[in-house]
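Here is a short report for a reader new to this structure. Look through the sequence and the model first, then read on.

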Amino acid sequence: MKIVIVGCGNVGTALVEQLSREGHNITVVDEKEELVQSIANTYDVMGIAGNGAVYSVQLEAGVGEADLLIAVTGKDELNLLCCLIARKAGGCHTIARVSNPVYYKEIAFIKEELGLSLVINPQHAVAMEMARLLKFPSALEIDTFTKGRVELVKYKIPDNSVLCDMQLKDVGSRFKSAVLICVAERGEEVHIPDGNFALKAGDNITIVGTSSKIAAFFKKLGVPTMRAKDAMLIGGGGTSYYLATILLDMGVKVKIVDKSRARCEELCELVPDAMIICGDGTERELLLEEGLAKAESVVSMMDFDEENIMLSLYAKSISKAKIITRVHRIAYDEIIENLNLGSIVYPKNITAENIIKFVRAMQNSMGSNIESLYKLNDNRVEALEFIIREDCPLVGIPLQELKLKKNILVCSINHKGSISTPGGQSVICVGDTVVIVTTRTGFHDIRDILE
């Protein structure tokens, strides 16, 4: 597809990186000429320096022939104006990033009246991701397929786990559980493991299955599966407000710490059922006084990544809480991953993934059969969901008879709403959705998995 992206910040760059890799024809627009030039050279895309809300600039970017315009600048009103002009000038689909909570309750009205295809609120999207992690505290990451019915859960094997030194072929019979361990990360190595692979303490494994089956598996491991009963949110910004609202609806007790008295007064009105503490979230004495050591979950959401990282390290050292750390910059992601910060949430990645899901849905209507795609293990693994069409060469053939490329695992089959973990005798039918996990990249069609 031909896609115009207005705004070359963190989210825009993440979109360019992924969508150009998937073969789309990308044009980027931003007022910062050096930034546009840098992205154009790095990802081999077209670049236009200018105001994306100007009609002539959009025409120069090719909006008249575009299938989609995505406006992700840092200004909500500019994004909405970009989309309005694109609808009038080119009649293409439009996506707007809208962050201001003031607009949140009016999103449906704005979307309908401006004819937008999608409105994404980054802070709300991040809050939803955090809430999902707090529902299942043992998980480091959770990704969903099949409209939320299939989950990929990342879990770190502790030293005393019964999984230590166990081969994968014995896991199913030992625990009588219909889940599949599809990825194993050990140090710098990432494996799509076979039945002979022996698990070790410290391995980061990814487990695929339905939510109930994964919960049952963890229960048999002796791993806590109950959601956190209370949450301490450090930082009172927009994400904290959305997360507090979601958690309170779940029956979770919420405590918010923020050093701005004006913001605290505002939060008292916005979330009256939460306990609001006015104080510096980096002060150890304050945190201890407010019960950090006994908290079941702690979410670091202050303005600076360094403060969030240090706070999470401290919370990890004195409590058994589920830790979630918000990090905006990913320049040092390899170092951060080794700091044992619990679950790390990158807002730009979550926003980009939500937009890319819509792009893939558009592709499906134009012939592609990729329904969803996630990047796992520092982009070294891809998990893809395919829709099976009538001309698919995999239909009706037992999986064990298919000649699949190496490092590919068929993880889940959804047949008329029935989710199964496939074995060698399993067959794929027309209309099924199939989840594939692989260390290979560049798949656009289910038939690409065949030799």
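How many aromatic pairs does the count come to? The count comes to 6 aromatic pairs. Rings of Phe, Tyr and Trp (its six-membered ring) pair if their centres lie within 6.5 Å; planes under 30 degrees apart count as stacked, over 60 as edge-to-face and the rest as tilted.

## Ground rules

This is a predicted model: local features need pLDDT of at least 70, side-chain atom pairs count only at pLDDT 80 or more, and totals for chains, interfaces and linings use all residues. Residues are numbered from 1 along each chain as its sequence is written, and side-chain values use heavy atoms, with hydrogens and water left out.

## Aromatic rings

Tyr 155 and Phe 218 have ring centres 4.9 Å apart and planes at 75°, so this pair is edge-to-face. The pair links distant parts of the chain. Tyr 155 sits in strand β8 (residues 150-156) and Phe 218 in helix α8 (residues 211-221), 63 residues apart. Helices (H or I, at least four residues) and strands (E, at least two) are DSSP runs, numbered from the N terminus.

Phe 218 also pairs edge-to-face with Phe 217, at 5.9 Å centre to centre and 65° between the planes. Phe 217 and Phe 218 are both buried. Tyr 155 is buried too. Buried means under 20% relative accessible area, exposed over 50%, partly exposed in between (1.4 Å probe, protein chains only). One aromatic cluster is formed by Phe 136, Tyr 155, Phe 175, Phe 217 and Phe 218.

## Nonpolar cores

A nonpolar core is a set of buried Ala, Val, Leu, Ile, Met, Phe, Trp, Tyr and Cys residues joined through side-chain atoms within 4.5 Å. The largest one has 78 residues. Those with the most contacts inside it include Leu 15, Ile 70 and Leu 233. Helix α6 (residues 122-135) gives the largest share of this core, 7 residues. Another core, of 23 residues, lies apart from it, with Val 63 and Leu 80 among them.

## Two buried residues

Ala 244 belongs to helix α9 (residues 238-249). Its relative accessibility is 0%, so Ala 244 counts as buried. Leaving aside neighbours within four places in sequence, Ala 244 is in contact (heavy atoms within 4.5 Å) with Leu 233, Val 254, Ile 256 and Val 271. Its C-alpha atom is separated by 8.5 Å from that of Ala 127, 117 residues apart along the chain.

Thr 94 lies in strand β5 (residues 93-97). Thr 94 counts as buried because its relative accessibility is 0%. Beyond neighbours within four places in sequence, its contacts include Leu 68, Cys 83, Arg 87 and Ser 117.
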